[in-house]
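Hi,

Here is the structure I said I would pass on. Have a look at it first, and then read my notes below.

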Amino acid sequence: MIQRNPGFSNISAGYLFPEIAKRRREYAASHPGAEIISLGIGNTTEPIPQYITEGMLAEVKRLSTREGYSGYGDEQGLTSLREKISEVFYNGKVSPEEIFISDGAKCDIGRIQLLFGSGVSVAVQDPAYPVYVDGSVITGAAGGMKSGGACGYDGITYMPCTAENGFFPDLSVIPENSLIYFCSPNNPTGAAATKKELEILVDVAKQKGGIIIFDAAYSAFIRDESIPKSIMEIEGAKSCAIEINSFSKPAGFTGIRLGWSVVSKELLYADGSPVIADWNRIMTTVFNGASNIAQYGGLACLDPEGLREMRQMTDYYLENARLIRDVLLGSNFAPLNLNIYGGVNAPYLWVSFPGFKSWQVFDLILDKCHIITTPGSGFGPAGEGFIRFSSFGHREDMQRAAERLAGLKL
Ligand code: PL4
């Protein structure tokens, strides 16, 4: 019989977000009538704006005509969309051929893991979006859980991002020739790396022969103009970084599915061959192109009116974050000495509850307020003691959540 992929037996538990969804279902079943509000999974709630919707509708109509119909497209995406992303997001610094349209950032991360295979060493920010670690374990780039009760997996180098280091890790721990997962604005901490920090990151990656996998899925939430929205803004990044990004959060495309990756021709392997050739091979072999309807939606997103709508959408979620932040700063939380981070250039608040474990706080807030959050420990060892509050929600739900939190008796 076929042997089970050892990656699955190495992995410690279920994937974080289905686990949260399961706990929500269980709580709802045992507390009928409880009106649960989710500040947990970062799932968009607001309808797709009008101009962007019109862009997709026009393509749907074209598809229903003989002249306008199209079937499979180029796996790399519509040339017009690649050109527009190059112009709007990269000011032409990245060429359209270096941009690959996809069905979203998470899917690109999985394909990147396939690209580099099981032999690569991996460094991650700790805490981090769980896909970086879990996917590495499944593909065999990481081993089993560390022994002796230590947290984390063998073969993964954890780079703690804490309040003490301003959520920018000590990069000296990165082994030579590693994939370095780096997310900014960060999920879950909400920290957005400065230009200086990204310059240091690029320098270290070059010195150590590593490749940065830069997850910019939340770049549209950056409001501080001095903060780079792309690693490609940093001198030298094209030869040591891959960027992934997504229309999920700014355009409400979490269900539509549309993202992109940037792999420059300057990015080379140790033997001098270009990574882009293999990335093209992966994209053409195990991916069949993003939906043409989604891609026309993406084109609409990048027109001036679409950009305005995305800005409005991200402003809305940032205002939600402010509502929750304000209530956590209120007097009933004062005895807990909370530390509150994020929510300014990112849609997540990262809050430490000194003296508590993450799952304890998760249960407490669920029990007393009927609010779902995400326990920080689910994002890595350094997340223990923290809770992530997502700002994706309808305003009225956010207001109700804020009222419940304000009335919380601890
Ligand atoms: C729940 C840093 C959310 N089922 O929609 P995509 O694939 O373009 O982007 C996914 C993604 C990529 N990079 C980062 C992210 O945070 C996300 C989405 N994360 C969250 O609550 O952390 C949704 C999670 C979803 C999932 O597993 O991604």
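Which side chain has an N or O atom 2.6 Å from an oxygen atom of the ligand? That side chain belongs to Ser246. Before I go further, bear in mind that this is a predicted model, and every value here was computed from it.

**The ligand**

A polar atom in the side chain of Tyr15 sits 2.7 Å from a ligand oxygen, and for an N or O atom in the side chain of Arg388 the distance to a ligand oxygen is 2.8 Å. On its own the ligand would expose 610 Å², and the protein buries 88% of that area.

In total, 20 residues surround the ligand. By residue class, the shell splits into 10 nonpolar, five polar and five charged.

**Cysteines**

I also went through the cysteines. With a cut-off of 2.5 Å between sulfur atoms, the number of disulfides is zero. Cys107 is in none, and its nearest cysteine sulfur, on Cys183, is 16 Å away. At 24% relative accessibility, Cys107 is partly exposed. Cys161 is in no disulfide either; again the nearest cysteine sulfur is that of Cys183, here 10 Å away. Cys161 is buried, at 4% relative accessible area.

**Backbone**

A few spots in the backbone deserve a look while you have the model open. Where are the cis peptide bonds I noted? One joins Asp126 and Pro127, with omega at about 5 degrees, and Pro127 belongs to the loop between β3 (121–126) and α6 (131–139). Another runs from Asn187 to Pro188, where omega is near 15 degrees. Pro188 is in the loop between β5 (178–183) and α7 (195–208).

Then there are two asparagines with positive phi. For Asn177 phi is near 55 degrees, and this residue lies in the loop between β4 (156–160) and β5. For Asn337 phi is near 50 degrees; look for Asn337 in the loop that runs between α11 (304–328) and β9 (339–342). Are these two buried or exposed? Asn177 counts as exposed at 52% relative accessibility, and Asn337 is exposed too, at 53%.

**Ser136**

Last one: Ser136, which is part of helix α6. With a relative accessibility of 1%, Ser136 is buried, because anything under 20% counts as such. Leaving aside residues up to four places away in sequence, Ser136 touches Gln113, Val122, Val131, Ala141, Ala142, Ile156 and Tyr181.

Cheers

Notes. Residues numbered from 1 in each chain as written. Predicted model: local features only at pLDDT ≥ 70, side-chain atom pairs only at ≥ 80, totals over all residues. Heavy atoms only, no water. Near = heavy atom within 4 Å. Polar contact = N/O pair within 3.5 Å; in protein donor to acceptor, adjacent residues only side chain to side chain. Areas by Shrake-Rupley, 256 points an atom, 1.4 Å probe, with all protein chains shown as cover. Nonpolar A, V, L, I, M, F, W, Y, C, P; charged D, E, K, R; others polar. Buried < 20%, exposed > 50% of the residue type's maximum accessible area, 1.4 Å probe, protein only. Helix = DSSP H or I, 4+ residues; strand = E, 2+ residues; numbered from the N terminus. Contact = heavy atoms within 4.5 Å.
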